[in-house]
Amino acid sequence: MLLQNCIRVKVKYLAPLFQSLTGLESEELMLEKGTKLRDLLKELARAHGEELGKWFFSEDGRLNQGTLIIVNGSIVHDFDKDLSDKDEVVLTIPFDGG
Amino acid sequence: MVFTLPYGFNGKWLRVNLSTGSLRIEEVPEELYREYLGGRGIAAYVLFKELKPGTDPLSPGNKLVFATSVITGTPVPGVNRIVVAAKSPLTGTYGESEAGGFFAPELKNSGFDVVIVEGASEKPVYLWIKDGRAELRDATRLWGLTTKETVEEIKKELGEPLARIGCIGPAGEKLVRFANIMFENRYAAGRGGLGAVMGSKNLKAIAVRATGKTVKFYDEKKLVEIVKWFNDNWRKQPGAVSRSEYGTAELITPFDKDGILPTLNFRGGSFKEAFKVSGEVLNKTILVSKSGCFACPIRCKRDVKTSEPYETDPSYGGPEYETIVSFGPLCGVSDLNVIAKANQICNAYGVDTISAGVAVAFAMELFDKGVLTPEDTGGLEVRFGDGNGALRLLEMIVKREGLGDVLAEGVRRAAEKIGRGAEKYAMHVKSREIPMHEPRGKVGVGLQYALSPIGADHMQAPHDATYERITQHLTALGLTRPVNRLMLDHEKVKAVYYGMLWWGLEDCMGVCKFVFTPHSAGVLTPNHMVEIVNAATGWGMSLWSLMKASERAFNLARAFNVREGFKREEDVLPPRFFEELEFGSRKGQRIKKEEFDKAVKLFYEIAGWDEEGRPTPGKLYELGLDYVVAELYKG
């Protein structure tokens, strides 16, 4: 990957469940231009294990409805969203009352 | 004519008159269950029909209702909560609280769907129910005991170690206005002071035991299929796994980062030491084991153990999210040991942890602002961050000593008594203390606080994050347009209204809000609810007819309050929520009062209420509440 083709994306794990599986509160990834959200999530699952991946992808391959993905402050429903340099991706659960 | 037994219910209510000592079994027609289902539906029906307007909640004229539902006793996880209701001594409104655990299925299997307690006994008694028979027993020697001691003594006296027991502690006896009813000294019907109603009646406890099953369900095979589906699927839901792993305390770190963690009596929304009281730290430090309720594999409750000087007993259960925040960030306290101790004091003496924590935080702010001084309180001074002081003040509340006696009346009455502008710091709606959810960061929660029939409550409708994405679970409820958590427009008002009907249905059914979507920890869907009710009863209900039953119960509770004189001006929020958050990641955020007032007005219109918030005759007739029309519009 050439430097000029590289984008840096920040990933924040807000849910304690995701933090425990990654051992991280946040991390930054260097990805190739044109990387889609789906590719990022696959990369995270590869890096941290399928136990994390199952919270992103349902058995039918669709987005797991129990996980909330926020990119630059906006909720994302589309796995095919293109990521850009300096994007911030928050992975959490849409926590309700307790 | 062949008489067939109904499916899903006993059709028998136990009516106990403590003034006369009479115990009567009433046989109730199936139609009533079809219209009211159980829980809130039946309780609101009884209280509207039977209570005289203006009844003093702590007088013999008040009635206490323990209600199961047509699905109580099924093996489905999360559908076996007991619903308790009476006119609330804290709010003066319809009062209701629900508890998990094991009491509800035991009661129903003992042969009674509902217990109504009326009158007052001359001396302390407890009610003992076993397999369709009941008696009142002397409780003089139990008076003054903590909840755990009471449970142990009753089991010993009866020789019934498997009896399920709901009881009050010393705080209920002393009529603390937010005294609760504890089941097995760890599951609380916490809110609204129902324990004080028991205390006023000299009723120390209700013990129940069923050695068999009295209710048949229409399609037991289907119920088993649903249980299997639940067990096969709950581990696929991140929210359910998270709740199992961390309990409700999972919310603390995300809420802190989001700036919606109530801190220092709702002055701010982030707490610099939040992580110290988080579910993650609780797991690593004081957790002994997980525990849960009848038939539920998620086990979201915690057992904890701490040591001197804050020694606790795991059998009282550990602090949950609401308790951790009430005695933690809200009071500026970051020691989980102190919080666990506060939780135990509340459970042992029998008071609501939310109201108690808010009362302590209120006093701390009064000292901070100079409204209270040590001269007023015989030398006592408790400041934000003072864990020992918080515990001392809590003990004074549960024993009604000194300043604690004033706070035991709830923050609204305490502020009136203290004067000097104290009401500015009293966080309540309709006298009921605000739970640990910051409406300036999720404004729909503010709407449910104001419009709940029982005063400020966070379990009336799903919270705003739920409505930000349209999932299949929201689609089932008829919500198809996403709405941002900070919006208070017509879409949000509609979402909150539908949300209140959905969670209201769960209160009619005695269902745990966590196990059904669209709650973030949910596993079962709204459509499962229809399947469960029909498998239990064979009635052929739809989500439409169930939601209508919930709307019926909601309007009954509203009508009860209207009849008590509650008007538009009580459907409000404390002024602090219209001011800016003082600190935290949402610093500066506030609810705009004009927008909020407009939203309340729109809610009335959507609900079919007039400008004063009275259900209109048209709405009441639609719901089959003819007798309410006759009562509210007489003359």
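Visitor: Before we start, what puts two residues in contact?
Guide: Two residues are in contact if their C-beta atoms, placed from the backbone, lie within 7 Å. This is a predicted model, where local features need pLDDT of at least 70, side-chain atom pairs count only at pLDDT 80 or more, and totals for chains, interfaces and linings use all residues. Residues are numbered from 1 along each chain as its sequence is written, while chains are lettered from A and ligands numbered from 1 in the order in which they are written.

Visitor: OK. How many residues of chain B are in contact with chain A?
Guide: 31 residues of chain B, and they meet 18 residues of chain A.

Visitor: Which element of chain B gives the most to that side?
Guide: α8(B), with six residues. Elements giving two or more residues there are α8 (238-246), α9 (252-258), α10 (279-285) and α11 (321-327) of chain B. Helices are DSSP runs (H or I, at least four residues), numbered from the N terminus.

Visitor: And how do the residues of that side divide?
Guide: Into nine nonpolar, 14 polar and eight charged. Ala, Val, Leu, Ile, Met, Phe, Trp, Tyr, Cys and Pro count as nonpolar, Asp, Glu, Lys and Arg as charged, and the others, Gly among them, as polar.

Visitor: New topic. What domains is chain B divided into?
Guide: Domain 1 (12-209), domain 2 (258-426) and domain 3 (443-632). The bounds come from an automatic or database domain assignment.

Visitor: How many Å apart are the C-alpha centres of domains 1 and 2 of chain B?
Guide: 26 Å. Their contact takes 31 residues from domain 1 of chain B and 24 residues from domain 2 of chain B.

Visitor: What does α5(B) give to the domain 1 side?
Guide: Three residues, the most there.
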